[in-house]
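Welcome! Here is a short tour of one protein model, with a look at its charged pairs and one of its sheets.

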Amino acid sequence: MQDYKIPNQTRIGHVHLKVSDLQRSLDFYCNLLGFEVTMKYGSDAAFISAGGYHHHIGLNTWYSKNAPKADTNRVGLFHTAILYPTRKDLALILDRLIQKNYPITGSADHGVSEAIYLDDPDGNGVELYWDRPKELWPQKPDGELDMYTRPLNTRDLLSELKD
């Protein structure tokens, strides 16, 4: 039997989250982060998107209406990672979070990317990040990626907005 390798162009199409309050989640993902609603299923579910895709995130209360926040110390989703096209775009959302006084749980420079971390209203982790150009990704002498976690220079990131 031959080893199977997933096609190179395969992408994660969307994430579907169980939430306790649909409107509160829409306020976070749409009103704060800027996603757009592409479709609602009554008052129990919605699909949201960036740039007109059918949906990047599904939100539903089918099994979770009014449930408590996600438990950090249990098996489940660690975070949903939202990839921004440019460093300036990441700076814009960081500035928006600061202006809205939304709690940021962390930030990091991973060598391949720069990231901001926060939680949605249900305690689901959210990573907002941009990738550096592939030719700048740190590598070990054997060519393997050499990712790391270092403090993010948020002041330098926000300097992207000075133009």
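Is E114 buried or exposed? With 4% relative accessibility, E114 counts as buried, where buried means under 20% relative accessible area, exposed over 50%, and partly exposed in between (1.4 Å probe, protein chains only).

Before going further, a word on the source: this is a predicted model, so local features need pLDDT of at least 70 and side-chain atom pairs count only at pLDDT 80 or more, while totals for chains, interfaces and linings use all residues. Residues are numbered from 1 along each chain as its sequence is written, and side-chain values use heavy atoms, with hydrogens and water left out.

**Charged pairs**

A search of the whole structure turns up 9 salt bridges; a salt bridge here is a side-chain nitrogen of Lys or Arg within 4 Å of a carboxyl oxygen of Asp or Glu. Among them are these pairs:

| Pair | Closest N to O distance |
|---|---|
| D122 and R24 | 2.9 Å |
| D71 and R74 | 3.5 Å |

Take D122 and R24, which form a salt bridge. This pair links distant parts of the chain, 98 residues apart: D122 lies in the loop between β7 (113-119) and β8 (125-131), and R24 in helix α1 (residues 22-32). Helices (H or I, at least four residues) and strands (E, at least two) are DSSP runs, numbered from the N terminus. D122 is buried at 4% relative accessibility, whereas R24 is partly exposed at 34%.

Salt bridges with shared partners join R87, D109, E114, R132, D156 and E160 into one network.

**The sheet**

Which strands form the open sheet, and in what order? Its 4 strands follow the order β5-β8-β7-β6, with mixed pairing; two strands pair if DSSP finds at least two bridges between them. At the edges are β5 (79-84) and β6 (106-109), each pairing on one side only. Strands β7 and β8 run antiparallel and are joined by 7 bridges. Across from Y129 in β8 stands A115.
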